[in-house]
Amino acid sequence: MLLNQFLLFAAVLFSIGVYGVLVRKNGVLILMSIELILNSVNINLVAFGAYNGDVGGQVFALFVIAVAAAEVGVGLAIVLLIYRNRRSIDVAEANLLKG
Amino acid sequence: MFAAEAAETALPWLYQNVWLIPALPAASFLLILFFGKRLPYKGAEIGLTAVGAAFVLAMLTTFTWIGDIQGAEGAEAPAGEHGETTDDHEGEGGSGAEEDEDEHGLADTVLSVDGESVASVSLTAATTAEGEEGGDSHGEARGAAKIATLDWFSIGAKTFRIGTLLDGQAVMLLFVVTIVSGLVHIYSTDYVNGDRRYTHYFAFLSLFTAAMLFMVLASSTLQLIVGWELVGVCSFALIGHWWEEKPNSDAALKAFLTNRVGDIGLLIGMITLYFGAGQTFDILTINEKAVNGEIDKLLLTVSAVSLMGAVMSKSGQFVLHTWLPDAMAGPTPVSALIHAATMVVAGVYLIGRLYPVFFIGLEIPGSNLNLMALIGGVTTVGAGLLAFVQRDIKKVLAYSTVSQLGYMVLALGVGAYTAGMFHLFTHAFFKACLFLGAGSVSHAVHHSFDMKSDMGGLRKYMPTTFWTFIIGSAALAGIPPLAGFWSKDEILAGAGVWPGTGGNGTYYIPFIFGIITAALTAAYMTRTVWLTFFGEYRGHGEPHESGKRITVPLIILAGMASVVGFLNMPGPFVDALGLPSGLAHRFEDWVEPAGQPNFPPQGFTHAAPSLTLAIFASGLALAAGYLVLRYYQGLYAKDPKASEYTDGLRSKNRMAAAGYRVLEQKYYLDVLYTDIIVARVKGPIARAAYWFNQNILDGIVNLAATFSVGMGRFIYWIVDQGMVDGSINASGRSASASGQFLRRIQTGQIRQYATLMFGAAAVLVAVFIVAV
């Protein structure tokens, strides 16, 4: 069974996602990075499900995809609103919560 | 011997519930105080009802008691030797063998109330030698005290009990107090009628009656003190009944303060006795221990002397008697009830209650004289002399009371217990009669008590009062066959000096005092009667006889004064008249707890009566009375309106004048107390108190003030401003500072937050891996 390969792949994808979230200033790119992270989790779920002969993993993956779609919908709406207000989607400039 | 069997089953209801007798007047006191003023008779009806009911109960108790004793005597008839020198009471006689058995027999019977072991009745026979001259030994057990008690309070492991102790002496006083109190109540409804504190007066009469009965029934010395003090308070309140006039409130204060002097003695004595008798307040136990010599002799003497101080103040014995004549400031019925018949005998009663303590404790070592007899003797003569110079009829009677109380103490001092108690009994009746008579007289002559200026010749106007007064006076003077004769004769016989009387040894000094007093009494009573009822009326207005509510009690009391003496006729007299021998010395059998383990002392004997002594004493009294009568008849012949000779002995003889002045000044005792002791002492004490006040008390007060101001400052600046406000400000500041510090973390940079989040997650994962 090729579990380790899937897990390594998912870990790489996860790390790229985290890197994107931490480094990118563009709001859309951050959302995309979050998608990467979620998909790495999906790979893990499907891989473990296949490994254990359980369809539960695939079911959870489907739920995660659905939730991710909704999340991206909300996230893109927020980004759109930030752009309308500030003419920029640079998250470094959106620091109104600064104490 | 088996008399107690009847009582063994259970105490009769009356004995158990004898507490009702004091409870009734006590309840009446409260009822009168709360509701008296709203009632049609202003509270008098409550007092009368309560005292009446108490009297009925007391009567029933008395009859039950007498019945028990008579029954006991019937059952064990042959016990002891009732006979005096001459015969042996054939009627009661039994075989010699039985007699012997009784003499050494011993049967302990335990009476019980509510399952409590109550009193052990020791039927110990008197151990007196039969052959003793005139000895009258009673072998039978009679008059065992009936006790009903319950727990009062506990201190640590010690439990104190409250209850009633009923014995012959208590029964006798129950009867006397309730009957005199009842008659005084009736009398008072007329005498103080219309008084502004009528209700208050009756309330205190009730309280007084309750307190006296409570004291009479006390089973422990602690209870006795309570009753004693209550009686004193009532006396104070009633003497000062008309307190608006200064002399009255002064007299009340004097009575109270003089009594306080004695009360200190009472407290010290009782406490000493408590420890001396092995930490007990129980009267019977104390007595028993005193009889058996289980109390340390020194402690016993100390407590007896202290208690004697109490007796001297309450029963007006010499040097502390001065309050009693002044107490006449109170309403006359009060004088009759409190200062003649009941309260003042509290002291004598106390002696009787703790007779072994007094008798053994007050023996003067190295002589056969008892301190009690000495005090009583001095009192009886001293007060008898003072009675001669009084103008105020009530003061004559007051000094006469002091004198008669001295007689009782004298009797107790020479070991004539029964004689003393009997005199107490008879004296209550004739003295109450005399006092109420004096009140009736004063009622008639517009509230004056001055015999010399406002009385005289009253026999024509008020015959009932006159005759009752005559009977009372004759009884007091000891004219046979009235009550005083029997009791006085018994006391004189008890001194044991007269040939053939025997008694407890020979007491010459008390006997001489007693004889002198017998003559004095007759003399001053003749003077009083003459000044009041004979000669011409010297007052103003037209005197009139008093109403029924005054005369009826007088008649009853005069009747009692005539007959109660027959209760204790000596044996030979009864035999001489051919009366049934069962009539002899009834009072003695009923009252004296002879043969009880708590009655003193071993080898106690009764004096035998002596006909010659009786004739001598009453002859002396008659002669003294006759002399005074001649003196006043001579005066009357000169001037019908005169009350004293203008050219009498006093104006001719310097010695007589000086003597008169000493008497008039009451031996200068009041001068000694007020002008010397008080005056000498009060100045320095006042100055010392002032200095103490200025320098020490004020110093303490100022110091305290300064200290509190300092404390206030300290608290304001340090505690309030510094600590309280400081801590609150500090907490505010620290919150502010921490906020200032923490706000730097809040950058608003999402990526920084994400970095922190992921970093933290990484750390957690690392911890998780390492830990698991």
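Student: What is the handedness of the crossing of α16(B) and α22(B)?
Tutor: In this predicted model, the crossing of α16(B) and α22(B) is left-handed. The helices concerned are α16, residues 371-386 of chain B, and α22, residues 508-533 of chain B, and their axes come within 9 Å and cross at roughly 25 degrees. Because angles under 35 degrees count as roughly parallel, α16(B) is described as roughly parallel to α22(B).

Student: And which residues in α16(B) and α22(B) meet?
Tutor: From α16(B) there are B:Ala373, B:Leu374, B:Gly377, B:Thr380, B:Val381, B:Gly384 and B:Leu385, and they meet B:Ile509, B:Pro510, B:Phe513, B:Ile516, B:Thr517, B:Leu520, B:Thr521 and B:Tyr524 of α22(B). Sorted by class, the residues of this contact divide into 10 nonpolar, 5 polar and no charged.

Student: Now α14(B) and α18(B): how do the axes of those two cross?
Tutor: The axis of helix α14, residues 345-353 of chain B, comes within 11 Å of the axis of α18(B), and the two cross at roughly 155 degrees. Since angles over 145 degrees count as roughly antiparallel, α14(B) is roughly antiparallel to α18(B). The crossing in which α14(B) passes α18(B) is left-handed.

Student: Which residues make the contact there?
Tutor: On the α14(B) side they are B:Val345, B:Val348 and B:Gly352, while α18(B) brings B:Tyr417, B:Gly420, B:Met421, B:Leu424 and B:Ala428. By class, this contact of α14(B) with α18(B) has 6 nonpolar, 2 polar and no charged residues.

Student: Moving to the largest nonpolar core, which residues touch the most other members?
Tutor: They are B:Ala432 and B:Ala561, in a core of 210 residues. The largest share of this core, 17 residues, comes from helix α18 of chain B, residues 417-444.

Student: What does B:Ala432 touch, leaving out residues up to four places away in sequence?
Tutor: With those sequence neighbours not counted, B:Ala432 touches B:Val180, B:Ala336, B:Ala340, B:Ala341 and B:Leu557.

Student: Let's step back to the chains. How many helices and strands are in chain A, and in what pattern?
Tutor: Chain A has 3 helices and 0 strands, and reading along the sequence gives the pattern α-α-α. Chain B, for its part, has 30 helices and 4 strands.

Student: How many residues of chain A are in contact with chain B?
Tutor: There are 10 residues of chain A in contact with 11 residues of chain B. On the side of chain A that touches chain B, the residues divide into 7 nonpolar, 2 polar and 1 charged.

Student: One last thing, A:Arg87: what is its phi, and where does the residue lie?
Tutor: Phi of A:Arg87 is near 55 degrees, which is a positive value in a residue other than glycine, and A:Arg87 lies in the segment after α3 (56-86) of chain A.

Student: Is A:Arg87 buried or exposed?
Tutor: A:Arg87 counts as exposed, because there are 7 C-beta neighbours inside 10 Å, and a residue is exposed with 12 or fewer.

Terms used. Residues numbered from 1 in each chain as written. Chains lettered and ligands numbered in written order. Predicted model: local features only at pLDDT ≥ 70, side-chain atom pairs only at ≥ 80, totals over all residues. Core = buried A, V, L, I, M, F, W, Y, C linked by C-beta atoms within 7 Å. Buried ≥ 20, exposed ≤ 12 C-beta atoms within 10 Å, placed from the backbone. Contact = placed C-beta atoms within 7 Å. Nonpolar A, V, L, I, M, F, W, Y, C, P; charged D, E, K, R; others polar. Axes fitted to C-alpha atoms, helices over the stretch in contact; angles between N-to-C directions. Parallel < 35°, antiparallel > 145°, perpendicular 65-115°, else oblique. Left-handed = near helix turned anticlockwise from the far one by under 90°.
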